[in-house]
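Biologist: Please show me the model, and then let us go through a few points in turn.

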Amino acid sequence: MVERTVRIGSTHGLHARPAKLFTQAVAASGTRVMVQTTGGPAVNAASILAVIAQGIDHGDERAVLDELVELLSTDHDE
Amino acid sequence: MMEITGTGIGQGVAVGPVVRMAERLPEPVDRPSHLDPEREGERARGSLSVVAAELANRGAKAGGAAKDVLEAQAMMAEDPSIIDEVTKLLATGKTAERAVYEAFAAYRDLLVGMGGYMGERAADLDDISQRVIAHLLKLPAPGVPNPGHPFVLVARDLAPADTAMLDLDQVLGLVTVGGGPTSHTAILAREKAIVAVVGAADATALADGDTVVVDAAAGLVVSTPTPEQLADANARIAERAALQAAPVTPGALADGTPVPLLVNLGSAEGAVEALRLGAEGVGLFRTEFLFLDHNTAPSVRDQQEHYTKLLRAFAGKKVVVRVLDAGADKPLSFLNAAHEENPALGLRGIRALRHSEVILREQLTALAAADAATDAEVWVMAPMVATVEEARYFSALAKELGMRVAGVMVETPSAALIADRVLAACDFASIGTNDLTQYTMAADRLLGTVANLQDPWHPAVLRLVGDVGAAGAELGKPVGICGEAAADPLLAVVLVGLGATSLSMSPSALADVRASLARYSPDDAKALARAALAAEGAAEAKRAAEAAASEITASRATAS
C-alpha cells in the first residue's frame, strides 16, 4: 500500500467543490483510494459524501496518493 | 373568470400559462417490500443513475457556479456510500423508496450536525432524495419546473435554492400561496424586476395550463380572463415596456424641480446595472455583507479595497454609506453576543457600534481613505439613531476620522419627533421607512401575523416623515428616503410632497418612479401628501392619494 500525507490548501477546507474535483480524480484513476484525517477513520475517497462528511478543514493533514497531492494542495477558492 | 387577491410586488403586469411547482413528496412509508432485495436494488440504482444524469445534464446547461453545485449533486446521487447504504437497507426487506430516503437522511443529519457551510448543503441532499423517490414513483420531480416555454410559476413558496435554479428568461410572473412582502420570493422579484403576487392563498385552485393575468400593481391574479381583460393587460405590458425603454433622465417633478433618484446597494456588484438604469448615485450603501460570514471584523485594508471599487463606479456622484447596521435580524457575534428578548429594541445600529467603537473607527478610517483615493462624493450615516447626543457623537467621530459629510438615519419615532434638533447636530437625514414603520406601529417587521401593520402609507408614519421634511427645509439640510416606500411610484410623490429631497430604491424601481414624479408639480405633490395625511389608516391614505392624483390628471386633461 502506498501512503502520502498532505495539508489541505483550499481556504474553506474540503467542501463540495474541491471535494468534487478530488473524488472525480479518484474515480477517473480507477484505483481504490482511501482517505483519512489525522486520527479519523479511513473512508472511500471515491465517495463525495464520505469525503465532505469528514469535515476536513484548511490545513488538516490527510493521507493520499501522489497524483492527488497536487489537487489537494491547490487553493480552489482563489 | 376568477380573481385571486394577494400582495403585489412592483407595478408590472404579466400574461401567460400557469405551471405549478410540484409539491414536496411525503416521507415514504416504512413497510416490507413485496419484491426481493435484488429487484429493489435494480430499481434504486436505475433511478439514482437517471437522476444523476439529469443533474449533470442540467449542470452542463447552467454553466458557471450552478454547474459546480449541480455536478457535485450528480456525484452525490451516484455516491458509492449511498449505494452501499441502500443495498444494506434493502437486505432488511425495505422498499427502494424507503431505503433511498433513509440513506440520504442519514447523510443529511450528519451534515446538519456539522453546521455552517456543510449544514447548508443538507438541502442539496434533500433535493436529490426527493428527485430519486419521485422517479421511483413515476411522479413529476419536485422543484422548479422547466417546461421549455415562457410560463407563470405558481408555487406554495420558493426556497432560496429554487430561485437560484429558476430560468428567469422563461418566468413571466410569480404567484405564491404563502409568503409576505418581505419573503424570499418578494425580495427576488424586486431585485430581478419579476412581476409577482405573493400571499395569494386561493392560488392553490390554479391548474397547469390555465391562462392568468398577474397584476402586481393591483395585487391580483385573474384566471381565464375575458378578452377585454387580456387586451387591457397586453396594452399595459406594452406601455410598461415603452416606459422601461424611455430615455434615462435625472429625476424631476413636472416643473423641472430636481428629485435625485438614487439606489440602494448591498455590494459593489450591482453598480453597473444601477448606472445603466439611471441611478444618480447611491442613497444607501449597506456594508453588512463585509461583516456577515466573518467571526471577526474585516481589516481596514480589505474594507478600503471594497469601498474604493464601489466609489470608482460612481465617480462624480453622491454615495451615501451606512456604517455597519448589525443586530436585530442580522446579528454579529463579535459585535453583540448577548441573547436579547427584543433584539429590534436592543443593542443594535449605532448603539452596538458605540459599544465596540474600534470597529466603527476602523470602518470610518477605511471609508475616508477610499474617499480620498476616488472622485465620488461620499456621505456617511449612522443607523438607529434615537437621540441628539448620538447624532452629535457620530458626526464628531466621522469628522475626526476625515469624513466630510456625516448624517443620521431616521428610523425611530424619537429621532423624527425632534428632527430639528437631530438635524442641527449633523449634516443630513435619511429616512429608513421600513424600520420607521416597524417602530411607529410597534409591529415586528419580520412577523407575518402583524404584517398588515407594516405599511408605510399609514398616516402616523407619513406625519413623522413630514416632520423630518419640515425640519430639513427649515435648516436647509437634505432629507432623503431609503426604504421600500420610495419604490412605490405614488407614495414617492407623497414623500416628496412631505419634504423628501431625494429618493433611494432598488434599481428596478427607478423607471416607474421617474415616470410618476414627472406627472406632478411641487404643489400637486403637496396636495397628495395632504390628502394622505388626513386619512384614517394606511389603505384610506393610499385611496385618498389616488383620488387626489386622478383629480389632478383629470383637471389637466380638461385644461388642455
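Biologist: Is E97(B) buried or exposed?

Modeller: This is a predicted model, and the relative accessible area of E97(B) in it is 10%. The cut-off for a buried residue is under 20%. E97(B) is therefore classed as buried.

Biologist: In which helix is E97(B) found, and which residues does E97(B) touch?

Modeller: E97(B) belongs to helix 4 of chain B, residues 96-114. Leaving out residues up to four places away in sequence, E97(B) touches P28(B), R43(B), I133(B), L136(B) and L137(B).

Biologist: With which side chain does the side chain of E97(B) make a polar contact?

Modeller: R43(B) is among the residues that E97(B) touches. The polar contact is between side chains, at 2.8 Å, and the partner of E97(B) is R43(B).

Biologist: I133(B) and L136(B) are on that list. How many of the residues of helix 6 of chain B are buried?

Modeller: Helix 6 of chain B covers residues 122-136. Its buried residues include I133(B) and L136(B), along with A122(B), D124(B) and L125(B). The helix is largely enclosed by the rest of the structure, because the buried residues number 11 of the 15.

Biologist: What distance does helix 6 of chain B reach from its first C-alpha to its last?

Modeller: Helix 6 of chain B has 15 residues, and at 1.5 Å a residue the expected span is 21 Å. The model is close to that expectation, with a reach of 21 Å.

Biologist: Which residue takes a positive phi just after helix 6 of chain B?

Modeller: The phi in question is about 55 degrees. The residue that takes it, just after helix 6 of chain B, is K138(B).

Biologist: Turning to the contact between the chains, what area is buried between chain A and chain B?

Modeller: Chain A gives 17 residues to the contact and chain B gives 17 residues. Carbon and sulfur atoms give 73% of the buried area. On the side of chain A, K20(A), I48(A) and L49(A) lose the most area to chain B, together 39% of what that side buries. The area between the two chains is about 1400 Å².

Biologist: Which residue forms a salt bridge with K20(A)?

Modeller: There is 1 salt bridge between chain A and chain B. Its closest N and O atoms are 2.7 Å apart, and the partner of K20(A) is E71(B).

Biologist: Which elements give two or more residues to the side of chain A that touches chain B?

Modeller: The residues of that side divide into 8 nonpolar, 7 polar and 2 charged. The elements that give two or more of them are helix 1 (16-29) and helix 2 (48-53) of chain A.

Conventions. Residues numbered from 1 in each chain as written. Chains lettered and ligands numbered in written order. Predicted model: local features only at pLDDT ≥ 70, side-chain atom pairs only at ≥ 80, totals over all residues. Heavy atoms only, no water. Helix = DSSP H or I, 4+ residues; strand = E, 2+ residues; numbered from the N terminus. Expected span 1.5 Å × (residues − 1). Buried < 20%, exposed > 50% of the residue type's maximum accessible area, 1.4 Å probe, protein only. Contact = heavy atoms within 4.5 Å. Buried area = accessible area lost by both parts, 1.4 Å probe. Salt bridge = Lys/Arg side-chain N within 4 Å of Asp/Glu carboxyl O. Nonpolar A, V, L, I, M, F, W, Y, C, P; charged D, E, K, R; others polar. Polar contact = N/O pair within 3.5 Å; in protein donor to acceptor, adjacent residues only side chain to side chain.
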